[in-house]
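Subject: Structure handover

Hello,

Here is the structure I promised to pass on. Please open it alongside this note.

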Amino acid sequence: MTSLVEIRELRVEATTDSGRTIAIIKGVDLDIAEGEIVALIGESGSGKTTIAMTLMGYARAGCRIVGGTVAVDGVDMVALSEKDRAAVRGAKIAYVPQSAAAAFNPAIRIMDQVIEVVRIHGVMPLEEARAKAVALFRALSLPNPEMIGDRYPHQVSGGQLQRLAAAMALIANPKLLIFDEPTTALDVTTQVEVLRAFKSVISAHRIAGIYVSHDLAVVAQIADRIVVLRNGEVQESGATRDILARAQHPYTQQLLAAVTPHHAPRPAVSGPTAAEALLEVHEVSVGYGPLRSDGQPAIVAVENVSLRVARGRNLGIIGESGCGKSTLARAIAGILPPFAGGVVFDGRELGRSARSRSADQLRQLQIVFQHADTALNPAQTVEDILGRPLTFYHGMARKPRSARIDQLLDMVKLPRSLRLRRPAELSGGQKQRVNFARALAADPKLIVCDEITSALDTVVAAAIIDLLKELQRELDLAYVFISHDLSVVEAICDDIVVMYRGRKIEQITPEAMARPEHPYTQLLLSSVPKLDPTWLDNLRQDPEQVRAYCQR
Amino acid sequence: MTSVAKSAPRHQRFGYRINAVGVAGALVVGFWIVVALAAPAIVPHPIGDIVDTDYFGPISRELWLGSDYLGRDMTSRILMGARYTLGISIASVIIAGVSGVMLGMIAAITGGVVDMVLSRFLDALNSIPSKLFSLVVVAAVGSSIPVLIVTMAVIYIPGAFRFARALAVNINTMDFVVVARIRGESLFYLIRAEILPNIIGPVLVDLGLRFVFIVLLLSGLSFLGLGVKPPYADWGALVRENIGGLPYAAPAVIVPSLAIASLTIAVNLLIDNLPTKIRDRENS
Amino acid sequence: MKHRIVSLVLARLAIALVTAIIVSFAVFFATAMLPGDTATILLGQAATPEAVEGLRKAMHLDDPAIFRFLRWLAGVVHGDLGVSYANNMPVAKLISGRLVNTLKLAGLTAVISVPLALTLGITAAMLRNTLYDRCLTIAIIGVVSVPEFMIATLAVLLFAVYLNWLPAVSFTSEIRTVYDFARAYAMPVVTLTVVISAQMIRMSRAAVVETLNTPYVEMALLKGASRGRLVFHHALPNALGPIVNAVALSLSYLLGGVIIVETVFNYPGIAKLMVDAVSTRDLPLIQSCAIIFCFGYLFLTTTADIIAILSNPRLR
């Protein structure tokens, strides 16, 4: 079998702020056969996107290809002149970006952008290209295929743009497609549709491709072969089934272990209802914008939601983007005062806004945010960040404070030597641990965790979840755990609330997740990709439900 | 603005890096500050003394920068002029900076009506061209050094406010400020510990640019005869009083112009090539 | 969507109106705060108290400031700008001819500098980090760092003293031929063009560079688009708002520039009139000139903002 792509000894370097050069790709070999889809899997910084980009002879600003060959159809893309590369790009090799919303030019109509490749390379008459685009829109099950091209990018949804980007890539019949995390920014229910659409056009056009992703389950559905990358080197490669079933390399095994949910049901103390309630949310409604005449804000994000968290137990809240779960967290924490309903904490009614709560109430209920980057003050050291709540809530003097900071760092398993570092000098996982330690510094009874693992790589996120469980055993904490990632919630929570469009639609236990009652929960849970390569092909979703709950 | 010379040699010390252009800018600025401070002690002749029999005298051994329209020593007048140009400009920029930045942070954190009133009022003030504003004030109250300092400070407060407010609004939406707020921290703590340390870098750069504008405005006013009045003379006033020497290309008119340009260009170059902190984790 | 544009534009116009009122208020009071009594100034120190009192009545000087402000504002709206203290002529008459002169100067400068600056700014952005771009950047830092009077004096030094092409520091009012016209306008226009082009080049370059760094331009590059296509088809339409904004802001900078340039070259424009009025403390004249300048400035900045709103493709 001849290879369409042959990458040999590829090396890419980047120049840092201080002018040092570091190797990002350290001698990678890669082959793609005609009609084969190869997945590049790895965490952020592993070099997967960089390798994919070199197929077009392209390296992003600050990076350059310093060695090796990237032969596509026998032509070395590295050696080509910029003009010859331009002749290949779009025509023979096409690119599907991670964020289609950013990759579409806001000033140009969608159709003109989709057929731009044809205009540039002159591969067919424009009329034919338009007809072909409409056919592709239809094949990608886009709504209103005749008319959607006349719109501007901001007038269509994210999931549709992602499919339009695929149409844009396919328009000139390329031999090779580069998918750069094309479904990462999408909700799971939308992802199913987009993946299906991709899969059908790939097989219909017998296209070869490279699929960059960090999500093994997604890749399992679409790739023939998987290449696992880490720090710019290939760790392991093999057919999809072999990798999933018999991974050899420890890193691959670690990745697989992080994806597989490992829920160990915790023994209920004496039945969940018998335990004393720590937090009760009564018919809370939250919104944004100016108040209307009926006393409701212009945009209502959460409507009539009630919750109950028992002492030392965990409640998960799941739902897709825009369902109001983060707004609810903010209302509980007093950041965004609800306009109706109330919050009872530890037997006492809490003030609606943080301003009207006592220092002790604020101390006992802490919130941890998703992005440790913005949650930690970049101008302060770890010591300052952890020291402030100790001074503020506990009035600690210098010595005991210093000792307590060491304790806190031990608790979140960070070396004490990090005390004087600033957030920019920490890794993503370390930052999230500091973020969590700051909440612990207050000695809270309840911690609201708002998507705290979403921005982390799978393996790092799994370690954070383990840490949370361990701390809970030691400190008698309760968590409200908000996430769009069902496996995370399943792993740590005793009860799970499902939210849709600002409403709580169902409350279930992890054990009952196999048979939810509400149709939306069924749709949501069935849309989470599984490691099984046949999952997508065998997935049957009720078209009625899909239409009812996915307006994307 | 982009950096002018990226390939210039690098000085690596204390984890900061600055290129040659930045060093040159810093040296020139430092030179003029030293001159302004030490001027009375180092002038070769008292500035009022007529030391040359000729006017618009050329550069010579005794008079390094020639003589002015009355035959006074230009070197001494330039050195003393630095005192006025730098002194007035620095005083204005400090007043404008401190008040503008404080108001900006307060507006950003407080929000609501306070923010709206402050923003609207200062924006309106901003829509009066700076030269015009100073002309009107000079017409109304006459020109003296304190008036000049206050006028130019008032002119540049809206700009400093707007800049600081925009930065502070961004920081204010960050989660770490939210965390501090729901910890129950006071307005003063939020400003001091959470907002200010995160905007101080760009704010100082912005004040540097404002300093340049103030120097230019002051020189322009003095050139029009509406700025520093005799017997004092800043660099702009020196150009004005010696403009008669222009047809002879006398040093008396060229040197003060060069002095202004050297200061403002140096500040600009310094700002464009500020030391950058080395942020590689592996390096530290 | 149309509805949103209209409401945004209306909101911007409302802000401009509020600003105009605050500005006229500020201008009126800055000049009204003048120390010394206007009537005494007008009649001289030797005037009898009765005469001063009479004039105060006639000029409504004893009314509360707010009434004087409103009366004055009403006058301004009706084109009645008051009477000059210095030579007893209606201010409107003094200003009209001068305003035309200044507009001529400003118009000519705009016609030359806008195309020049945009060409240089956009090409510099296209050829980022080349020798051309760096030289231009250095030249711009040089120009924006020096006072306008220095550029004017340099022009005099170069064209009048060394090259002897043009008359130095004087403006002839007798213009008969195109040659006379060119000779008369050359130096003021060159000076102003240099000053405002520097600003405009810098801002338009920054605007284009910013759009060239967006993911959709990278996407176009990966579709095989040529450099020209990237700039003209993808970057420019999106940079249009910021560029027009840069042009309007730079043109508003003209207003400051003319004050110096008209003085240096003794050009009979409104700015020179105002500088002279400042030295004679001719209040109604200063107020009127100041208002004209402020409104001109406000007009340009408001136009810039409105064009930015209209050119935002997301609002289409």
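Below are my notes, chain by chain.

This is a predicted model, where local features need pLDDT of at least 70, side-chain atom pairs count only at pLDDT 80 or more, and totals for chains, interfaces and linings use all residues. Residues are numbered from 1 along each chain as its sequence is written, chains are lettered from A and ligands numbered from 1 in the order in which they are written, and side-chain values use heavy atoms, with hydrogens and water left out.

Chain A

Start with the sheet. Chain A holds an open, mixed sheet of six strands, in the order β6-β7-β8-β3-β9-β10. Strands here are DSSP runs of E, at least two residues; helices are runs of H or I, at least four; both are numbered from the N terminus. Two strands pair if DSSP finds at least two bridges between them. β6 (93-96) and β10 (233-239) of chain A are the edge strands; each has a single partner, so one side of each has no neighbour in the sheet. On average, neighbouring strands are turned by 15° against each other, direction ignored.

β7 (residues 176-180) and β8 (residues 208-213) of chain A run parallel, joined by five bridges. Phe179(A) sits opposite Tyr211(A) of β8(A).

Helix α7 (residues 158-170) of chain A lies across β6 and β7 of chain A, at about 175° to β6(A). Axes are lines fitted to C-alpha atoms, for helices over the stretch in contact, and angles run from 0 to 180 degrees between N-to-C directions.

Chain B

Chain B has nine helices and three strands. From the N terminus, the order is β-β-α-α-α-α-α-α-α-α-α-β. Its C-alpha atoms fill a box of roughly 75 × 55 × 30 Å along the principal axes.

UniProt (unreviewed entry) places "domain: ABC transmembrane type-1" at residues 82-271 of chain B. Positions are in the numbering used here, feature names are shortened, and annotations may be inferred rather than shown by experiment. In the model, residues 82-271 of chain B are 83% helix and 0% strand, with end C-alpha atoms 21 Å apart.

Chain B against chain C

Helix α4 (residues 130-141) of chain B meets helix α11 (residues 270-280) of chain C. Their axes come within 8 Å and cross at roughly 25°. α4(B) and α11(C) are therefore roughly parallel. The cut-offs: under 35 degrees is roughly parallel, over 145 roughly antiparallel, 65 to 115 roughly perpendicular, and the rest oblique.

Which residues make the contact of α4(B) with α11(C)? Leu132(B), Leu135(B), Val136(B), Val138(B) and Ala139(B) come from α4(B), and Met274(C), Val275(C) and Val278(C) from α11(C). Contact means heavy atoms within 4.5 Å. By class, this contact has eight nonpolar, no polar and no charged residues. Ala, Val, Leu, Ile, Met, Phe, Trp, Tyr, Cys and Pro count as nonpolar, Asp, Glu, Lys and Arg as charged, and the others, Gly among them, as polar.

Chain C

Helices α5 (residues 91-126) and α6 (residues 131-145) of chain C pack at about 130°, with axes 8 Å apart. α5(C) and α6(C) are therefore oblique to each other. α5(C) contributes Leu120(C), Thr123(C) and Ala124(C); α6(C) contributes Tyr132(C), Asp133(C) and Leu136(C). That contact has four nonpolar, one polar and one charged residues.

UniProt (unreviewed entry) lists "transmembrane region" spans in chain C, including 182-201 and 243-265. Residues 182-201 of chain C are 100% helix and 0% strand, with end C-alpha atoms 25 Å apart. Residues 243-265 of chain C are 96% helix and 0% strand, with ends 31 Å apart between C-alpha atoms.

Best wishes
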